[in-house]
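Please read the following report alongside the sequence and the coordinates. It goes from the chain as a whole to helix packing and then to individual residues.

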Amino acid sequence: MARSLAPKGYEGVYWDLVVGNVIPEPVAEKKGGVSLEARLLQAGMTVDEFSKLKEAQNLSNELARLETVAMNAFKGQFDDGTGSFQKQGDADPVLANKILNDERYNDYKSRIMQPISEFLSMVDRRTTSQLDDLNRQSQGLLVGIIGLSAAFFAVMCLMVWMVLRNVLGRSAGLMQAVHEISAGNLDARTNVSGNDEIGVLGSAIDAMANNLKAAIDHANNKAKEAREQAVKLSEERHHSEKLLHNILPGLIADRLRKGESMIAETFPEVTVLFADIVGFTELSARLGPREIVNMLNDVFGRFDKLVGEYGLEKIKTIGDCYMVVGGVPERDPLHCQKAADFAIAALHAFEDYASDFAQPLSIRIGMHTGTVVAGVVGTQKFAYDLWGDVVNIASRFESSGKPNRIHVSDSVRFRLADDFAFEEGEDVNMKGKGIMKSWFMLGRKDGGNVVHLKTLPAS
C-alpha cells in the first residue's frame, strides 16, 4: 500500500500555522505520494462517479478562465496567444462586464452543480446497493442458522428415537422438552442430568435451546431497533419538511426539495404591505424584554393567521415591522384586493389587542403595488425575499403614514377604487422618484355605503 505524504496535522490547523510563519511551507515531494484521485478510487469511488467530479472541476476551471479574461481586460491586459496576459492595451471595462454577465458565464455557473448532483445520486445508489447486498447476506446467514438449527433438531430427534427403546423413563423428559421447543417454547428444558448418553444429550438440548433463544432474542432486538430507527427517521423527515415550510413558502420549498439550486423570478404585478408599531423604541424602554417579545408574539401571531386566511405570503419581520406580499410566489390577479382586506383585518385585530394592553399602542400600515424580483438567498440559512422599488416605496408609505391608518399609493387606489373608499393624503417625497400622491383607505364599499374602519367616524 502506498504511504501518505501528508504532513503531521495536515487535516487540522496545518495551513494556519504555515500562514502565520510558525512552521515552514511543505517541501514539494511527489516520490511515493498518493494523488487525491488515487485515494478517492482506493476508497471505493467508481470511475463514473469520479468523472462527474472532474466534469464539475472542468466547468469550474472554465468559469475561472472567463473571470481571469474579464479581470485582465479591466486592467488593460489581454491574451497574447500563448495563454499569458502580456499584451497591453486600454482597459476595457465594457468587455469585462459583458463577459461576467453574458449567457455563457451564467450557463457555466448554473451547470456546475448538475454533475455534483449526479455524483451524489450515483454515490447514494451505490451505497444503497451495497447495503442491499449486506442485507441479503444477513438474511442468507439467518436462513442458514435456522436451517442448521432445524437439521440439529432433526438429528436430536433421531437420536432420542433410537434410545427410547432402552431408556423410556429418562427419555420421556427429553421428548417432552423437544416437543415444546419445536412448538416455539424456547424456555422449555429437559432437566435430565448424568454422565451417560442421555445426560449428555439432555445437556446438549438445553444448550441448544439457550443458544437458539439468545439468537432469536438478538434478532428480535435488532428488528425492534430497526423499526424504532425507521420511526425516528420518519419523524425527523416530517419535522424537517415542516421547518422548511415554516421558513419558505410551500411552493418554493417543494422546488428546492426537487433539486432547484437557484430560484429567482420577476413578478410584474404584486402588492407589498408593511405594518409597523408606532413608538416602538420608546415602548421598549418602558417595558422589559420579555414583555416586548410576548407582545410581538401575540400581535404577529394574529397577523400570521390572517395571512393564511387571505392567501398572502409573509416575507419576514424586522424588529417590530411586519412585511407581507400578495401575488408571490403564486401569481394572483386579486393580490391588491386581498392585501387591502388583510390590512383592514390586521388593523382591527391590532386595535382589539391594544384595547386590553397596559400601554397605549398604535400601528401604521403602508401599501404599494408594482414589480418585484423574488428569490431564495443563502446556502445554509435560506431566506425568501423581495427586491425592487415597490418594496422601498411601500416602506416609505408606511413610515410617512398616520397612526392606525392605512396609507397607500396612487397605484393601489387606482386598482381598488371600485371596491374601496379613500380620502386624499399629503404628497410623499420619495427619494429618486420625486413627489408621489398618497391616499388613506377608509374602508370597503357595501352597496352605496362605506364600511368604515373602526378608528374613523362613519360619514
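This is a predicted model: local features need pLDDT of at least 70, side-chain atom pairs count only at pLDDT 80 or more; totals for chains, interfaces and linings use all residues.

Residues are numbered from 1 along each chain as its sequence is written, and side-chain values use heavy atoms, with hydrogens and water left out.

**The chain as a whole**

The secondary structure comes to 13 helices and 13 strands, where helices (H or I, at least four residues) and strands (E, at least two) are DSSP runs numbered from the N terminus. Of the 459 residues in the chain, 33% are buried; here buried means under 20% relative accessible area, exposed means over 50%, and partly exposed lies in between, with a 1.4 Å probe and protein chains only. Among contacts between residues at least 6 apart in sequence, 62% join residues at least 24 apart, a contact being heavy atoms within 4.5 Å.

**Two helix pairs**

Two packed helices are described by the angle between their axes and the distance between the axes. The axes are lines fitted to C-alpha atoms, for helices over the stretch in contact, and the angles run from 0 to 180 degrees between N-to-C directions.

Helix H3 (residues 47–75) packs against helix H4 (residues 93–101) at an angle of about 160 degrees, with the axes 7 Å apart. That angle makes H3 roughly antiparallel to H4, given that angles under 35 degrees count as roughly parallel, over 145 as roughly antiparallel, 65 to 115 as roughly perpendicular and the rest as oblique. The crossing of H3 and H4 is left-handed; a crossing has this hand if the near helix is turned anticlockwise from the far one by less than a right angle, and is right-handed if clockwise. On the H3 side the contact involves Leu66, Glu67, Val69, Ala70, Met71, Ala73 and Phe74, which meet Pro93, Leu95, Ala96, Ile99 and Leu100 in H4. By class, this contact has eleven nonpolar, no polar and one charged residues, where Ala, Val, Leu, Ile, Met, Phe, Trp, Tyr, Cys and Pro count as nonpolar, Asp, Glu, Lys and Arg as charged, and the others, Gly among them, as polar.

Helix H10 (residues 289–309) and H11 pack at an angle of about 150 degrees, with their axes 10 Å apart, and they are therefore roughly antiparallel to each other. The crossing of H10 and H11 is right-handed.

**Buried residues**

| Residue | Relative accessible area |
|---|---|
| Valine 178 | 3% |
| Cysteine 321 | 12% |
| Cysteine 336 | 2% |
| Serine 362 | 15% |
| Asparagine 404 | 16% |
| Phenylalanine 440 | 4% |

Valine 178 is found in helix H6 (residues 168–182). Its contacts, not counting residues up to four places away in sequence, are with Cys157 and Ile205. The C-alpha atoms of valine 178 and alanine 209 are separated by 9.3 Å, although these residues are 31 apart along the chain.

Phenylalanine 440 lies in strand S12 (residues 438–446). Leaving aside neighbours within four places in sequence, phenylalanine 440 is in contact with Gly401, Lys402, Arg405, Ile406, His407, Ala421, Phe422, Glu423 and Gly425. Phenylalanine 440 and isoleucine 365 are 75 residues apart in sequence and 9.9 Å apart in space, C-alpha to C-alpha.

Serine 362 is placed in the loop between helix H11 (335–355) and strand S6 (363–377). Residues up to four places away in sequence set aside, serine 362 touches Asp276, Ile277, Val278, Phe350, Pro403 and Asn404.

The structure holds zero disulfides, a disulfide being a pair of cysteine sulfur atoms within 2.5 Å.

**Backbone features**

Most residues other than glycine have a negative phi, and most peptide bonds are trans. Asparagine 404, in contact with serine 362, has a phi near 60 degrees, a positive value in a residue other than glycine. Asparagine 404 is in the loop between helix H12 (389–399) and strand S8 (405–409). The peptide bond from valine 328 to proline 329 is cis, with omega near 0 degrees, and proline 329 is found in the loop between strand S5 (321–326) and H11.
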